[in-house]
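Biologist: I have some questions about how the terms are applied here. Please set each value against its definition.

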2 protein chains.
Amino acid sequence: MDVLAATSVGPLSERARRAGAAYAGPGSGPGRTPSGPRPIAFTGGLPDPILLPTAALAEATASILGRDANAALQYGGVQGWDALRDWLAGHCSIIDHGTLTADYFCITNGSAGALANVCETFVDTGDIVGVEAPSFPLSIRTIRSITPRIESIPVDDDGVVVDALERTVVGLAGSGQRMRAFYTIPTFHNPTGSTLILERRHRLLDLCRRYGVLIVEDHAYSELWFGDEPPPSLYSLAEGQGVIKIGTFSKIMAPGLRAGWCQALPPVIAALVATRCDMGTSPLLLRALEELGRTGFIDQHIDRLRIAYEHKRDTMLEALQSHCSGMARWNTPTGGFFIWVTMTEDIDPKTLAAAAREEGVTFVGGQAFFAEQATGEGHPMPFAPNNSRHLRLAFSNVAEDEIPEGIGRLGRAMARAAHA
Amino acid sequence: MDVLAATSVGPLSERARRAGAAYAGPGSGPGRTPSGPRPIAFTGGLPDPILLPTAALAEATASILGRDANAALQYGGVQGWDALRDWLAGHCSIIDHGTLTADYFCITNGSAGALANVCETFVDTGDIVGVEAPSFPLSIRTIRSITPRIESIPVDDDGVVVDALERTVVGLAGSGQRMRAFYTIPTFHNPTGSTLILERRHRLLDLCRRYGVLIVEDHAYSELWFGDEPPPSLYSLAEGQGVIKIGTFSKIMAPGLRAGWCQALPPVIAALVATRCDMGTSPLLLRALEELGRTGFIDQHIDRLRIAYEHKRDTMLEALQSHCSGMARWNTPTGGFFIWVTMTEDIDPKTLAAAAREEGVTFVGGQAFFAEQATGEGHPMPFAPNNSRHLRLAFSNVAEDEIPEGIGRLGRAMARAAHA
């Protein structure tokens, strides 16, 4: 803080000190300047550049500006444009087998803005919030910026371990405390790719209902399923009671639109809207999205994405089989952007990191996804004890024809780290 | 809260309860359905629709999407695109007679996002923050959402009354308390249109330096000057020490771009960026702005706006002279969007509101701009005792040829309210 003291602005707030981690999401850091060959990047949870709906967005923005510039360029309100929320209501009513209306939605600055809005509206400093271990680091940071009291609940191949959540919730209740909210990514989880099985969904809902735990259900990836549709959302199973569902256009359209949403019962949406002081997101971009929703483009685009990302997942799975067998195991995600790799004990993670840099391949080390470096807070951690034994590989952003070469480099790096 | 109880999401946070006012900025409410003639609206601090840079933005967005779609549609980082911050650095170095670089800026979701970012980074719940009385209601809401302890400092025709601020700050210090920050709109103030005179700027800086009060300086309107350039910013006089300056593209380009910024010494900017968990604003829109900055369009556009808004101000002043003389007095703002009207004692504000509705003219009543309805908190309030005796008239958004008719309606409504 010496450097801040020289600016005469005074001390940081508690929130700033809690939030002030290095990680601020993809694209936030300085550019990498690798010394070896150009790395093949399996890092960011980003769409494939060739799958971005560029032409459609160019056409839609031009059409909006030609037709309705004043509405697109003035303030658009905090809740977001009615017609886009109408479209979302129709779209999400099919997904969640419900009869939603525009009042069940507010538009946010991506799902990051949605989670911040939920935390600011329903979580006080000092409240206890449960997160999955592992989970999306930016979400952990958002929650920590609101409250320092975070409980980590392990995830396995069937999603979050509800028994472990129950032990934590019941343990807290035993000492007169309550878990205020539980943040979960039940479908095509980031980073593990796992999906919460139906039986656990019911048990999770029952548990949270009994103990008054608000469920914050992040569905960033859930429309990108391969093969069979995933199980019903927690929101739909609960008919909205006690659940706020978060969605985003970042993965099904483009992150650069900064448009996500909260889906909840109308009084909850009203509370979320009343808490915000941000004057909303860009009405120009929301109108472009509405046009592409109404004309059917978004639905067709999602169909294309499912096929394309499934193919990329298969390419990565085949390459892993060819190059990493015996050195690691991995799951077969049924949707989303990620494969979660668990290396054998004889691979040293630090040596691997150095070797991967030299080989020219990047990924995100598993330790980035845990709220605590320390493990074993009274319940079993299936991915513990050494979180750095895991890697998250994103097959989404890399060019498909680079995947075999990139996984080949990863395999060579693993082999070097195993023999180190 | 009965209606929320039925949703099983639990209680609102303290922040939500503090923030949960009805006012959420222009465009946030339901549409008006007036029963009389279509009202002429002097309400919103919005640009004139015919002055929105629609064609330039259409061209710039098309050009960016054609040339650099991937960068424009992926995540762009929390601090905002380097090249736009480079342009801002050059642009603001001229305004503030400094040698700023991109490191002195972070891009935010409008100036609303900038103020929220500043408060979240430097203000804790329970801290005391000073605001002007009157001030911009959304800013008051943002501050109140962070801390309930707000001190109102009166504004007169020469800007905030520094003597009154000094009495408050010294009084707090006498009881071992500190004003953590002071939020001010020193130039073309919203709602009064007044500009802080140079002598008071120096005294304000000296006071805040002595007592460790962070100055948050909102410059939403300050580039839109008529005639002479306004006095130097507090930031420039202090060479950045103890000051964070807030700016926005909303008034000089378009609110719908949702792009504003903080200008501060680089370690302060680093702290602001590290506190955010929102993954930034739309890189597509930031790149369009950068293109229009780099090619000189924005500077030329600001020149056009100065001429156009000065003309509209003059039209409104003439109409006030013709229709409201003897019933009210008003200032002559030297920039910005607003004229502040103070009615004589014999006009009943409630009767005026009803008569204005019938005549078909809208404005914002003065009481909306005060942190407290109660007045006289130990220092003189030049605009007290009856804040509803004031009206804010925006000449910016209304069509210029409707201004005389609208002010004529206002004059008729005042006459009716005076004889009531």
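Modeller: Two residues are in contact if their C-beta atoms, placed from the backbone, lie within 7 Å. This is a predicted model. In chain A, among contacts between residues at least 6 apart in sequence, 77% join residues at least 24 apart.

Biologist: How do you know that chain A agrees with a compact globule?

Modeller: The rule is 2.2 Å times the number of residues to the power 0.38. For 420 residues a compact globule would have a radius of gyration near 22 Å, and chain A has 22 Å, so the value agrees. The C-alpha atoms of chain A fill a box of roughly 65 × 55 × 55 Å along the principal axes.

Biologist: What makes a residue of chain A count as buried, and what share does?

Modeller: A residue is buried if 20 or more other C-beta atoms lie within 10 Å of its own. By that count, 58% of the 420 residues of chain A are buried.

Biologist: Why are β10 and β13 of chain B called edge strands?

Modeller: The open sheet has the order β10-β11-β14-β13 in chain B, with antiparallel pairing. Strands β10 (328–330) and β13 (364–365) of chain B each pair on one side only.

Biologist: What makes β10(B) and β11(B) a pair?

Modeller: Pairing needs at least two bridges; 3 join β10(B) to β11(B), therefore they pair. Across these antiparallel strands, R329(B) stands opposite T342(B).

Biologist: Which element gives the largest share of the side of chain B that touches chain A?

Modeller: The contact takes 79 residues from chain B and 78 residues from chain A. On the chain B side, α3(B) gives the largest share, 11 residues. By class, that side has 41 nonpolar, 28 polar and 10 charged residues.

Definitions and conventions
Residues are numbered from 1 along each chain as its sequence is written. Chains are lettered from A and ligands numbered from 1 in the order in which they are written. This is a predicted model: local features need pLDDT of at least 70, side-chain atom pairs count only at pLDDT 80 or more; totals for chains, interfaces and linings use all residues. Helices (H or I, at least four residues) and strands (E, at least two) are DSSP runs, numbered from the N terminus. Ala, Val, Leu, Ile, Met, Phe, Trp, Tyr, Cys and Pro count as nonpolar, Asp, Glu, Lys and Arg as charged, and the others, Gly among them, as polar. A residue is buried if 20 or more other C-beta atoms lie within 10 Å of its own, exposed if 12 or fewer, and partly exposed in between; C-beta atoms are placed from the backbone.
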